[in-house]
Amino acid sequence: MTQPVPRPQVVVVVLALGGIVVSLMQTLVIPLIPKLPELLDASAADATWVITATLLASAVATPVVGRLGDMYGKRRMLLLSLGMLIAGSVVAGLSDTLVPMVAGRVLQGFAAGVIPLGISIMRDELPAERLASATATMSASLGVGGALGLPAAALLAENADWHLLFWTAAALGVIVTALVVAFVPESSVRTGGRFDLVGAAGLSTALVCLLLAISKGAQWGWGSGRTLGLFAAAAAILLLWGWYELRSARPLVDLRTTVRRQVLLTNLTSIVFAFAMFAQSLVLPQILQLPAATGYGLGQTMLVTGLVLVPSGVVMMLTAPLSARITKARGAKVTLMLGALVVAAGYGLGTVLMASVWHLVLVSATIGAGIGLAYGSMPALIMGAVPVSETAAANSLNTLMRAIGTSVSSAVAGVILAQLTVSFGPVQVPSQGGFRLIMGLGSATALLALAIAAFIPGLTSPASTATRSSVRHPPPAPVPATSAPEAYRAERRTRR
């Protein structure tokens, strides 16, 4: 197959569109959640697997696809991930019962590696001067797709057959796949070697245990034997996995790289920041949709709720170029800290402004601006501390850290809202105090992310990252496949 000639602006647009389409998948079923038991002829507890299955599949796929991309080609794995998205959407679109729907959602979850793969392709293919703004845009696409997808999904769910949601996702996947084939080149930067099957199985098992306990803990009971057993299993498996990876010649995750101060602190910041970021997704829709008779609910429809969140996504995308400019001038660390500060301010506003729709639009847009700043800087910090040959794996691990943060956020917010309730007729609904507590917690965790980010070494900016990337990988001189493993080993020895 003839390789497309890289056109930087087109490559960025295509990859960002891919990120938006994949992130749409995360919000696709939100309007259907109350109706899923009836639609799938399942119990409410069983219907939650439609959400949980995607979370688990995403966690397993992200680090595995990243390493495979480094080894066998990032574009190839990008196309495979998009193929999974299309297949999963088709299966879900044909489903009327729980089992095939869960199978389709698992396949959709396997597409989660598109965003880190896209960032890694940008590092390999784009000129140094365009890298910072491109990766910021790609990183922001995660939030943009989620914000724009909710009103679109609500509109389709309210006015058409619900299967159309998945057929629309499949059509978008086909379009993006065709664009990738036409415009995105395959990178010559590959490590080669043998895939670490044992490491992949160990990490996947540990992540499934951890995230299953987090996502189902409230339903099963946080003190139940099943929940505690899963947490214990996750800890034990992670310890054994780490021991094995440190002794492996070609590990799935190079732990020596991940404990470098810049990588470690950026990943820790990502977990905490994602916790803060996701809190608004759990609070704002409920405030908007609770009946006005509660005294604090706004009584809006799902469609209006989705539209209220749209400005957040738009601001996030508009902030991405600003993130790149700040990073170029001051460094990625400063941009990350500024983003955390803006998010903290947005949640601070949310504790006092929740009495009308425009209040929540302002809160959502402010938080979106902070997310756009912070998420645009994270890839630069990661890429500034890892070899070119580990770019996809390192970005995938950072994406995984964000997923863990959002999962913990969902669990904590669920506990708070379940405990702080008021009576509304015959039912219990979350109290205004519970919503304010989550907003305050979001502000506090954003400030914690700011504090952790302050200790990240401030020596790397995207400009210098891009320069070093082009030095290690001059585009006119592709790395021969036969020499890649030796070059990879030599680079690791040098960097140690």
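D41 counts as exposed, because its relative accessibility is 70% and exposed means over 50%. In this predicted model, D41 belongs to the loop between α2 and α3 (44–47). The backbone of D41 has a phi near 55 degrees, which is a positive value in a residue other than glycine.

L28 sits in the loop between α1 (8–27) and α2 (36–40). With a relative accessibility of 10%, L28 counts as buried, because buried means under 20% relative accessible area. Leaving aside residues up to four places away in sequence, L28 touches Q108, A153, L165, F166 and A169. One of these, L165, is 137 residues from L28 along the chain, yet the C-alpha atoms of L28 and L165 are separated by 6.9 Å.

T319 is part of helix α14. The relative accessible area of T319 is 9%, so T319 is buried. Apart from residues up to four places away in sequence, T319 touches A369, G372 and L373. T319 and T137 are 182 residues apart along the chain, and their C-alpha atoms are separated by 8.7 Å.

**Aromatic pairs**

How many aromatic pairs does a search of the whole structure find? The search finds three. A pair of aromatic rings is described by the distance of the centres and the angle of the planes. Two of the pairs are set out here with both values.

| Pair | Distance between centres | Angle between planes | Type |
|---|---|---|---|
| W162 and F166 | 6.3 Å | 85 degrees | edge-to-face |
| Y296 and F435 | 6.3 Å | 70 degrees | edge-to-face |

Why is the pair of W162 and F166 edge-to-face? The planes of W162 and F166 are at 85 degrees, and planes over 60 degrees apart count as edge-to-face. W162 and F166 are both buried. F166 is also among the residues that L28 touches.

Y296 counts as buried at 10% relative accessibility. F435 is buried too, and its relative accessible area is 0%.

**Charges over rings**

Two arginines sit over aromatic rings. R226 lies over the face of W220, at 4.2 Å from the ring centre. R402 has its charged end over the ring of Y375, 4.1 Å from the centre of that ring.

**Packing of α4 and α5**

Two packed helices are described by the angle between their axes and the distance between the axes. Helix α4 (residues 49–72) and helix α5 (residues 74–93) pack at about 140 degrees, and their axes are 7 Å apart. This angle makes α4 oblique to α5, because angles over 145 degrees count as roughly antiparallel and those from 65 to 115 as roughly perpendicular.

Which residues of α4 and α5 make the contact? From α4 come V65, L68, G69, D70 and Y72, and from α5 come K74, R76, M77 and S81. Sorted by class, the contact of α4 with α5 has four nonpolar, two polar and three charged residues.

Note on methods:
Residues numbered from 1 in each chain as written. Predicted model: local features only at pLDDT ≥ 70, side-chain atom pairs only at ≥ 80, totals over all residues. Heavy atoms only, no water. Axes fitted to C-alpha atoms, helices over the stretch in contact; angles between N-to-C directions. Helix = DSSP H or I, 4+ residues; strand = E, 2+ residues; numbered from the N terminus. Parallel < 35°, antiparallel > 145°, perpendicular 65-115°, else oblique. Contact = heavy atoms within 4.5 Å. Nonpolar A, V, L, I, M, F, W, Y, C, P; charged D, E, K, R; others polar. Phe/Tyr/Trp six-rings, centres within 6.5 Å; stacked < 30°, edge-to-face > 60°. Buried < 20%, exposed > 50% of the residue type's maximum accessible area, 1.4 Å probe, protein only. Lys NZ or Arg CZ within 6 Å of the ring centre and 35° of its normal.
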